[in-house]
Amino acid sequence: MSVEIPKAYEPGQVEEKWFSQWINAKAFHANPSTANEHYSIVIPPPNVTGVLTLGHVLNNTIQDILARRARAEGKEVLWLPGTDHAGIATQSKVEKHLRDSEGQGRRDIGRDSFLERSWEWKEKHGGIIIKQLKKLGCSCDWERERFTMDDDYSKQVQNCFVHFFNSGKIYRGKRMVNWCPSSLTALSDEEVIMKPQQSKLYYMRYEIADREGEFLEIATTRPETLMGDSAVAVNPNDDRYSELIGKKAVRPFPRAEIPIIADEHIDPEFGTGVLKVTPAHDKADFEIGIKNDLEIIDVLNPDGTLNALAGEEFEGIDRFEAREIVSEKLDEMGLLIRVEEYENNVGYSERADVPIEPRISMQWFLNYPKVSESMAAVSDREIKFRPERWAKTYAHWMENIQDWCISRQLWWGHRIPVWYRKDRAEELKSAPSLDKETCGDDLHVSLEPPSDDENWIQDDDVLDTWFSSWLWPFATMDEKTRQKFYPTTDLVTGPDIIFFWVARMIMAGYEFTGQRPFANVFFTSIIRDKKGRKMSKSLGNSPDPLDLIAKYGADALRFSIMRIAPSGTDVRFIENKKKDSDDGTDCPQVEEGRNFANKLWNAARFRQMQGGPEGLCQLPDINNLSIYDIDILSKLDTLTEEINTSYSAYKFQEIANKLYDFFWSEFCDWYLESIKQYFRDDADPDRRETALIVVDTVFSRFLQQLHPYMPHITEELGEKLGFAENGELLMRVCLSEEPVMQVLDSHLVEQAKERTNAIHEATTRARHLKAQYNLAANRNVKFYLHPSVEWAKEELETLKILSGAGEIFVSETYEPSAGTPTFLTPIGKMYMPLEGLVDIEAEKKRITKEIDKAEKDLKQIRGKLSNPKFTERAPAEVVQENLDRKDEFKKKLDQLHEMLQNLS
């Protein structure tokens, strides 16, 4: 071999080297002019100011696997990368930077100046996650990197707004939205994080009008909104209150009589079964208010303080401070009954981390397009969801779809392309509703401002970030690229954004291109810690992927994540604190990936040390192959078939485990050990060369199959072992469509497989017997074989090596002495004389002692399982654990009795 493989594998050096070579060779660049079949996938754009998380590692590793696999199949591949401008997240960071560095807010410096600072921030921090994705080895077409606020992309976003406004699907109106009192903007549901909170439940009394001294008891978690109450509601089937329906109750302050109404949505079991209805401050209350034509009284300012409608004594007070003051006032009035601890879920702004407010706000809304077509695309499997169960979730949302609030009260983002005529601007902005039919010539909606722009005022709001990203699959491509690569092939994303992104992309695809945006959607798992908690920065339970890459290597991290990521269920990522360190941690799953990389490296070094033929050579005639050669080549073909099937089913974990098991067990532990005799100095040169050709054939094809999962080390070993001809990149070598064994006689192949399996089974039983008598590492053990098949005599040397024996004698007449362990194998009866190896009497005592202990343990477990109190009350998993232990002890006892009988 021309380039020596170093003794130690240094992933950092190897990974940096190969990523640089791929970039220099333009290996990731997609050519829309080729005639090759296309494969395309667009990256779910991460936030431009974001950093890599383990969720990104999982998602992007899967995308890279799909892209690299498609290249190996000879397809022209486009993996299009890019970032999202992340309106709220970026604006929040810029505003914080302004406050910390200059003591100013955005309104102090004005919109234009703030946007300049935002672009500066983006240029400084926006490339971090892209660099991190490259560190992971992602083979995106980096020359085509897109940003959702690129000029061309921005025009398409604003043109989308104009298109829907002109078609009558966009309108402006007052609706209930999620409101962030800190960022002062509407939020999508996806931007709201539900957090369990230890709250309080306040029980208070509302007097029944015209019934002095009679009260209704009401339980609420938000007494600070009672000034906005416009009714009291009960369930119409609740007999306790049926006779009060239609009467009135007295709101304590500002004092007013409000109706007592009936609504089936009231839960009789919650609190007292009586609800105070505050339509301006609760989504459910808003629906009740609309249905019953109730007055809508908004007592909160946008920043979460109370306004004049709450009363002079509360005006300007923060909502949570007001909660305590209202509680005290109710108590003074004799209307507060009690306060209880209460655990509930409260919606928090994802970015500002403050409780959101349901708030009626004037916003722009979109009536969704192409709903029926988008539903049919998934139900008819024109677009396949994987796992398929997510199709039901998608259908449920689509069947209950509501208009989309597309405006955000931000400055960083795509500004809404609407101008109001100056002399009517305030009137238009405060109108109950506004659309193309009602606005006439007083609104200018266009990509370009009015020619007399001094007479117009542009809308201050920007569009929801999702309103730009729903165009992502096609708006990122120029016309030539789109003709080749659209519709895309796959989408890899998380199920948590199935509504906010996936469904919307499908609708936008049909609206603007008349085609589906992708053929398959693969929903990844959610990564959780070993306690089952979703990993997050706030919990401090998520390791930095870059630290893991620095410690273990990108390939190790990629391979490990894929081995623990089953399709459709969450991933448990285990991180253990080191016992001898205050802050050090170990990640055993990633260590397995590193160990596998080292196994690859060492196997390659072993091969290189044998010398022999350079590069890949033609396999010799089957008559010159050993049964072990034929067996491993057959298993290689089986591996290829199984991997092809698994890729078709998007079973990435299954592929990773098949690759691991084949290389570690079948190739290294069995095959390489079986042929080591041919690498001795006195071995037959022809036999040696044949074995090396087989090793190279298996190794080279295996590296190709492994490449999508561990791209860097496979390139390095392909080069070092001479498998890449004339400096060709392994990632550019197409997978062979022809099985290795297709030219070999099928009868001889089956015979070789059967004989190899027989030797392996004999080996396993011999090893097991040695281990039973604590002789696993003893190389002086001798075996005698009464062969049942003639061919076994030719394989004794291999059997000796595999079983770690000193000698194996073939004897038809061997008579074992008393106490000689005997076992049956597919190649005959085998004996393991213990003379000189163990003290027979001492061994009998040891086994007898183990039998006594095992019987005692088994009796204890049987007693527990026969106790109805245990089997009926204990958790099912605990009962099953004891049943499993019972079976284990029974098997152990059978083995121990057999060993004792052998010694007798």
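This is a predicted model: local features need pLDDT of at least 70, side-chain atom pairs count only at pLDDT 80 or more; totals for chains, interfaces and linings use all residues.

Started with who touches whom between two helices. From H20 I noted Phe-596, Leu-600, Ala-603, Ala-604 and Arg-607; they meet Leu-692, Val-695, Asp-696, Phe-699, Phe-702 and Leu-706 in H23. Sorted by class, the H20 contact with H23 comes to nine nonpolar, no polar and two charged residues.

Next I looked up the geometry. Helix H20 covers residues 588-609 and helix H23 covers residues 685-706. Their axes are 11 Å apart, and the packing angle is about 150 degrees. Angles over 145 degrees count as roughly antiparallel, so H20 is roughly antiparallel to H23. I checked the handedness too: H20 and H23 cross in a left-handed way.

Then on to the sheet. Which order do its three strands take? I read E20-E18-E21, in an open sheet with antiparallel pairing. Strand E20 (443-445) and strand E21 (456-458) are the edge strands, each pairing on one side only. On average, neighbouring strands in this sheet are turned by 25 degrees against each other, direction ignored.

Last, I zoomed in on one strand pair. Strand E18, residues 418-421, pairs with E21 in the antiparallel sense, and I found three bridges between them. One position I wrote down by name: Trp-419 stands opposite Gln-458 in E21.

Technical notes. Residues are numbered from 1 along each chain as its sequence is written. Side-chain values use heavy atoms; hydrogens and water are left out. Two strands pair if DSSP finds at least two bridges between them. Helices (H or I, at least four residues) and strands (E, at least two) are DSSP runs, numbered from the N terminus. Axes are lines fitted to C-alpha atoms, for helices over the stretch in contact, and angles run from 0 to 180 degrees between N-to-C directions. Angles under 35 degrees count as roughly parallel, over 145 as roughly antiparallel, 65 to 115 as roughly perpendicular and the rest as oblique. A crossing is left-handed if the near helix is turned anticlockwise from the far one by less than a right angle, and right-handed if clockwise. Contact means heavy atoms within 4.5 Å. Ala, Val, Leu, Ile, Met, Phe, Trp, Tyr, Cys and Pro count as nonpolar, Asp, Glu, Lys and Arg as charged, and the others, Gly among them, as polar.
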